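Hi there,

Here is the structure I promised to pass on. Have a look at it first, then read on for what turned up.

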Amino acid sequence: MHVMIVDRCPLVGALLALDLGDYGVQTRAVNTIAQASAEILKNQPDVLITELFLKDGDFLDLVCYRELFPIILFTTHPTSVDDDDIRKAVDACLHKPLNPIHLLTAAKKLVEQQKMATTLS
């Protein structure tokens, strides 16, 4: 599985990438929407993990890619996970700090669901 991580803090993105890499996941961490967009054109991920607010916008700027791959929002804002509009814009909402196993379980499930939906269409 190839996962793109978009976090405004390069260290947080790099640490999450290391955690996921320990489970055999191929990762790419970036810290802006512009970097994410450029990377998606080069190498489309199977799933994108982003936080709510980024240096050059917010997660909504990445929702346009949702047709291509699932998007998981991870946040420290507890009310975000309960906000219906936010939940409808992404495929999953998770709280920071993330447990890599929970994140991988959610990501694999979403990727499989998307593959099945694509196969049926």
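Let me start with a definition: rings of Phe, Tyr and Trp (its six-membered ring) pair if their centres lie within 6.5 Å, and planes under 30 degrees apart count as stacked, over 60 as edge-to-face and the rest as tilted. With that rule, a search of the whole structure turns up one aromatic pair. The ring centres of Tyr65 and Phe69 are 6.1 Å apart and their planes sit at 10°, so this pair is stacked.

Before going further, some housekeeping. The model is predicted, so local features need pLDDT of at least 70 and side-chain atom pairs count only at pLDDT 80 or more, while totals for chains, interfaces and linings use all residues. Residues are numbered from 1 along each chain as its sequence is written, and side-chain values use heavy atoms, with hydrogens and water left out.

Tyr65 has a relative accessible area of 15%, so it is buried. Phe69 is buried too, at 0% relative accessibility.

Now the overall picture. Helices (H or I, at least four residues) and strands (E, at least two) are DSSP runs, numbered from the N terminus. The protein chain has five helices and seven strands, and along the sequence they follow the pattern β-α-β-α-β-β-β-β-α-α-β-α. Its radius of gyration is 13 Å, close to the 14 Å from the globule rule for 121 residues, so the chain is as compact as a globular protein of that length. (The radius is taken over C-alpha atoms, and the rule is 2.2 Å times the number of residues to the power 0.38.) Along the principal axes, the C-alpha atoms fill a box of roughly 40 × 35 × 30 Å. Of the 121 residues, 42% count as buried. Contact means heavy atoms within 4.5 Å; among contacts between residues at least 6 apart in sequence, 57% join residues at least 24 apart.

Next, the sheet. Strands of a sheet pair through backbone hydrogen bonds, either parallel or antiparallel. Here, two strands pair if DSSP finds at least two bridges between them. Five strands make an open sheet in the order E2-E1-E3-E6-E7, with parallel pairing. At the edges are strand E2 (26-30) and strand E7 (92-95), each of which pairs on one side only. Neighbouring strands of this sheet are turned by 20° against each other on average, direction ignored. Axes here are lines fitted to C-alpha atoms (for helices over the stretch in contact), and angles run from 0 to 180 degrees between N-to-C directions.

Strand E1 (residues 2-6) runs parallel to E2 and is joined to it by five bridges. Which residue of E2 is the bridge partner of Met4? That is Arg28. Helix H5 (residues 100-120) lies across strand E3 (47-50), strand E6 (71-75) and E7, and runs at about 155° to E6.

Then there are the charged pairs. A salt bridge is a side-chain nitrogen of Lys or Arg within 4 Å of a carboxyl oxygen of Asp or Glu. The structure holds six of them, including these:

- Arg8 and Glu51 form a salt bridge, with the closest N and O atoms 3.2 Å apart. Arg8 is in the loop between E1 and helix H1 (10-21), and Glu51 is in the loop between E3 and strand E4 (53-54), 43 residues apart. Arg8 is partly exposed at 38%, whereas Glu51 is buried at 4%.
- Lys96 and Glu51 meet in a salt bridge at 2.9 Å, N to O. Lys96 lies in the loop between E7 and H5 and Glu51 in the loop between E3 and E4, so this pair ties together parts 45 residues apart in sequence. Lys96 is partly exposed, at 23%.
- Glu39 and Arg28 meet at 3.3 Å, N to O. Glu39 is in helix H2 (residues 33-42) and Arg28 in strand E2, eleven residues apart. Glu39 is buried at 14%, while Arg28 is partly exposed at 36%.

Asp7, Arg8, Glu51 and Lys96 are linked in a network of salt bridges.

Happy browsing!

How values were computed:
Buried means under 20% relative accessible area, exposed over 50%, partly exposed in between (1.4 Å probe, protein chains only).
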